[in-house]
Structure formats: C-alpha cells, structure tokens
Amino acid sequence: MKVKDAIEKTNQLKANVYSEENMSEWLSELENYAIESVFNRAEGNNFPLVKYSYEDDEEKELMIPDPYSEIYIYYLAAKIDYWNKELDSYNNNMSMYNASYSSFAAKYRREHMPKQTKRPPVFLH
C-alpha cells in the first residue's frame, strides 16, 4: 500500500477535516514504530526512520505488507477519532489496529531471525 492509498481509503471510509500532510505525519509515526519494534530487530535489517511528506512521498510504498496493510487504515481512523474526541470510535479502531499489528508482528518475528546480541564472555571457575 502506498502513502496516498492509505490516506485515500481512510478518507473514503471516514469523513474528516485533516490534511494529507497531517495523515502523512501519522503514517510516519506508525512506520517508525514498526521499524523500531519489528523490522530492525531482525538480523540484517537496519532501516532508517522515515518522515513522510505527502507532496514528496505520496507514491512511496509503506513497509507493512498485505494482508496486514489495513493496519494503516485503522491507525489513521484512530488518530482522527482521537483528535475529534470521539472516544468510543477511537477505542474500536485501536482495538482493530492492535489486533492486526500483533498478528503482523508475530508473523514477521516467526519468519525472520532476531538480531544476535553480543554478550560478554562467561568465565567458569
């Protein structure tokens, strides 16, 4: 899913007054969370953090793949609800986001070797 696809789909599903730039910033938050908590914890990964600008990055492919890309829609919808103080809808969207994100993260971690940490040598007496 591309930046513009996530924003367009969210706008179709949820009327709002937020700009593409606002939503691009929120997508950056989510991407950076995924980079730090999932992607960069796998062996061989060292992705840089992102800062999307709609004007420059609307065609940029987001990192979380299908069938988990609905995570972006749930997250954007939750952010809209949060800022609109629509707490019941926010809680529903965050529940969907959390369930989808947990499924994505678990699958990614099963399929990718975690980074090995270097431990100091243990000396036995």
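Is lysine 79 buried or exposed? I looked up lysine 79 and found 17% relative accessibility, so it counts as buried. Buried is under 20% relative accessible area, exposed is over 50%, and partly exposed lies in between (1.4 Å probe, protein chains only).

**Ground rules.** I am working on a predicted model, where local features need pLDDT of at least 70, side-chain atom pairs count only at pLDDT 80 or more, and totals for chains, interfaces and linings use all residues. Residues are numbered from 1 along each chain as its sequence is written, and side-chain values use heavy atoms, with hydrogens and water left out.

**Salt bridges.** I searched the whole structure and got 5 salt bridges. The criterion is a side-chain nitrogen of Lys or Arg within 4 Å of a carboxyl oxygen of Asp or Glu.

I began with lysine 79, which bridges to glutamate 29 with the closest N and O atoms 3.1 Å apart. Lysine 79 sits in helix 4 and glutamate 29 in helix 2, 50 residues apart, so the pair links distant parts of the chain. For helices I took DSSP runs (H or I, at least four residues), numbered from the N terminus. Glutamate 29 is partly exposed, at 37%.

Next I checked aspartate 81 and lysine 14, whose side chains meet at 2.8 Å, N to O. Aspartate 81 is in helix 4 and lysine 14 in the loop between helix 1 and helix 2, so this bridge ties together parts 67 residues apart in sequence. Aspartate 81 has 0% relative accessibility and counts as buried. Lysine 14 is buried too, at 18%.

The bridge between glutamate 111 and lysine 107 is 2.7 Å, N to O. Both are in helix 5, 4 residues apart, so about one helical turn separates them. Glutamate 111 is exposed at 51%, and lysine 107 is partly exposed at 28%. I also noted a network: Lys2, Lys4 and Glu59 are joined by salt bridges that share partners.

**Aromatic pairs.** I counted rings of Phe, Tyr and Trp (its six-membered ring) as paired if their centres lie within 6.5 Å; planes under 30 degrees apart are stacked, over 60 edge-to-face, the rest tilted. That rule gives 12 aromatic pairs. Tyrosine 33 and tyrosine 101 have centres 5.2 Å apart and planes at 40°, so I logged them as tilted. Tyrosine 33 is in helix 2 (residues 20-37) and tyrosine 101 in helix 5 (residues 87-111), so this pair ties together parts 68 residues apart in sequence. Tyrosine 33 is partly exposed at 44%, while tyrosine 101 is buried at 7%.

Tyrosine 68 and phenylalanine 104 are also tilted, at 6.0 Å and 55°. Both residues are buried. A cluster linked by ring pairs includes Tyr33, Tyr68, Tyr101 and Phe104.

**Core.** I defined a nonpolar core as buried Ala, Val, Leu, Ile, Met, Phe, Trp, Tyr and Cys residues joined through side-chain atoms within 4.5 Å. The largest has 32 residues, and Leu27, Ile64, Tyr101 and Phe104 touch the most other members. Helix 4 gives the most to this core, 7 residues.

I then listed contacts (heavy atoms within 4.5 Å). Beyond its neighbours within four places in sequence, leucine 27 touches residues including Val3, Ile7, Tyr52 and Leu76.

**Asparagine 40.** I found asparagine 40 in the loop between helix 2 and helix 3. Asparagine 40 is buried, at 15%.

Terms used
Helices (H or I, at least four residues) and strands (E, at least two) are DSSP runs, numbered from the N terminus.
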